[in-house]
Amino acid sequence: MWFDFRSDALLAVLDFSVFLSPSPEAGTNYLTYLLGGALWTVILSVLNWVIAFVIGSVIGVFRTLPSPTLSKVGACYVEIFRNIPLLVQLFIWFNVVPEWLPGFGPWFKHLPSFWQQFTSATLCLGLFTGARIAEQVRSGLRSLGRDQYGAGLALGLNIRQVYNLVLLPVAYRIIIPTLTSEFLNLIKNSAVASTIGFVELARRSESMAELKSTVFEALLAGTLLYGVINLIVLFFSRALERSTKLPGLLGAQK
Amino acid sequence: MYAFDWSSILTSLPFLWQGMVITLEITVVAIVVGILLGTVIAVVRLSKNSVLSAIAAAYVTLFRSIPLVMVLLWFQLALVPPVVRWLFPKTNLDLNLIIAFAAFAFFEASYYAEIIRAGIQSISKGQVMAAQALGMTDGAVMRLVILPQAFRRMIPLLLTQAIILLQDSSLVYVIGLADFFGVAKNRAGSTGSQVEFILFAGAVYLVLCLTMSTIVRQLQKRITI
């Protein structure tokens with residue numbers, strides 16, 4: 001398809017009026033079309049973050065528990081989800097799982113295609129990011145050492161209480177910076193959903209580039225919107241970092 | 001229950017191997033060019049020239065803040081075709097392959113630059129001062145003292161990045177290049193064994209990446225100073 005474009009594409013003057021022309025989606029122009037894509041990117045990322053955070057916490061805790069079975073389960077989960085490319089995982093959720101998971105398959109196939117794409121992307125990104133968060137949670141818990149764990153048990157707390165009341169609140173606060181970069185990764189990874197046709201930001205800037213043959217305008221706008229989303233996330237995470245600073249650690253002295 | 005039928009995978013093995021060669025080519029080119037370019041960017045970023053250093057920082061931030069899918073679209077739709085047509089007007093090169101090489105090399109350079117910068121910064125100042133006291137120029141200090149040690153420390157990280165890169169290379173699906181996964185997906189369409197081909201592709205990546213990360217872990221144990 002590359003040869004369709006004007007040979008002087010590099011010299012073409014940007015034409016921003018194209019953003020006001022009507023898009024394929026009824027009642028929108030290309031500006032709101034792209035903004036809508038950005039909104040789906042954000043919705044997908046936030047929803048997946050919630051799923052990934054829950055799974056990551058459970059698996060991360062599993063890997064630090066004294067039980068060898070649970071820590072093996074955790075290790076297997078992480079190895080599998082980290083060593084298969086995200087794209088392949090996405091197609092496994094989109095094409096493979098609905099074929100042989102009883103109950104899920106028929107339900108999935110009756111969904112409109114938009115919701116099929118959304119469901120697959122959500123399962124895929126949520127579980128994939130969960131494995132990465134599990135590693136962060138594990139290293140956060142490891143960094144606390146065995147002392148607090150022992151002290152908690154000595155006070156008569158059971159293991160669940162030690163984790164919920166002592167270890168996790170501190171571990172989460174330590175790993176906020178790495179969790180932030182993981183969230184930024186998740187936003188970037190969500191662009192993979194464009195390969196199964198989900199209408200998020202990357203997909204929409206690609207469609208706009210091809211439909212209107214305004215390659216530079218479309219890609220520039222898509223790239224800028226990703227930049228803006230990144231900046232907003234960074235702004236909020238800095239605020240979160242400040243308000244949850246742990247007294248007594250190096251980061252708190254600034 | 002779904003009845004698996006793996007027979008069409010056997011007959012497709014030669015095609016899958018051709019795809020794997022493309023995957024490995026992209027990975028190797030991106031590693032080699034990425035590390036070379038990444039080293040230059042890292043050194044420039046740490047240089048005393050504040051303008052050049054800001055440009056290097058901007059390069060890294062830019063590439064690290066946009067999705068690889070967007071990078072591939074930029075290279076496919078806007079950047080590579082005009083340049084290739086200008087350099088080689090009558091070429092019959094596989095344009096998609098060049099797009100993949102270029103996109104991955106420039107994209108990975110920004111990730112390698114950050115790893116290499118951290119490696120350079122892990123070398124103690126005393127060594128630089130000692131080398132300067134021996135009369136070495138800045139370039140010689142970098143080439144003969146800092147980089148050899150920095151690279152030795154970075155090897156595990158560079159290899160881990162290579163594993164990520166191998167996995168990310170499957171995204172050339174976006175530009176329609178038939179790498180290992182692309183071939184698997186094509187054969188899945190033409191033979192009707194979608195499920196088997198996707199699972200097979202996943203299993204091959206899993207084995208490949210697990211083997212590589214085991215090797216990295218062994219290496220890490222051996223070269224820890």
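**View 1. Helix H4 of chain B packs against helix H6 of chain B.** Glu108(B), Tyr111(B), Tyr112(B), Ile115(B), Ile116(B), Gly119(B) and Ile120(B) of H4(B) meet Ile146(B), Ala150(B), Phe151(B), Arg153(B), Met154(B), Leu157(B), Leu158(B), Gln161(B) and Leu165(B) of H6(B), two residues being in contact if their C-beta atoms, placed from the backbone, lie within 7 Å. The residues of this contact comprise twelve nonpolar, two polar and two charged, where Ala, Val, Leu, Ile, Met, Phe, Trp, Tyr, Cys and Pro count as nonpolar, Asp, Glu, Lys and Arg as charged, and the others, Gly among them, as polar. The axes of H4(B), residues 95-121, and H6(B), residues 138-168, come within 8 Å and cross at roughly 145°; axes are lines fitted to C-alpha atoms, for helices over the stretch in contact, with angles running from 0 to 180 degrees between N-to-C directions.

This is a predicted model, in which local features need pLDDT of at least 70 and side-chain atom pairs count only at pLDDT 80 or more, whereas totals for chains, interfaces and linings use all residues. Residues are numbered from 1 along each chain as its sequence is written, and chains are lettered from A and ligands numbered from 1 in the order in which they are written.

**View 2. The fold of chain B.** Chain B has eight helices and zero strands, these being DSSP runs numbered from the N terminus (helices H or I, at least four residues; strands E, at least two). The C-alpha atoms of chain B fill a box of roughly 70 × 50 × 30 Å, taken along the principal axes. Of the contacts in chain B between residues at least 6 apart in sequence, 76% join residues at least 24 apart.

**View 3. The side of chain B that touches chain A.** The contact draws 33 residues from chain B and 34 residues from chain A. On chain B, helix H3 (68-87) and helix H8 (194-223) each supply at least two residues of this side, and the largest share, eleven residues, comes from H8(B). By class, the side of chain B that touches chain A has 25 nonpolar, seven polar and one charged residues.

**View 4. Buried residues of helix H8 of chain A.** In H8(A), Leu179(A), Glu182(A), Phe183(A), Leu186(A), Ile187(A), Lys188(A) and Asn189(A) are buried, a residue being buried if 20 or more other C-beta atoms, placed from the backbone, lie within 10 Å of its own. Their cover includes helix H1 (30-62), helix H3 (86-100), helix H5 (113-142) and helix H10 (215-243) of chain A.

Key:
Buried ≥ 20, exposed ≤ 12 C-beta atoms within 10 Å, placed from the backbone.
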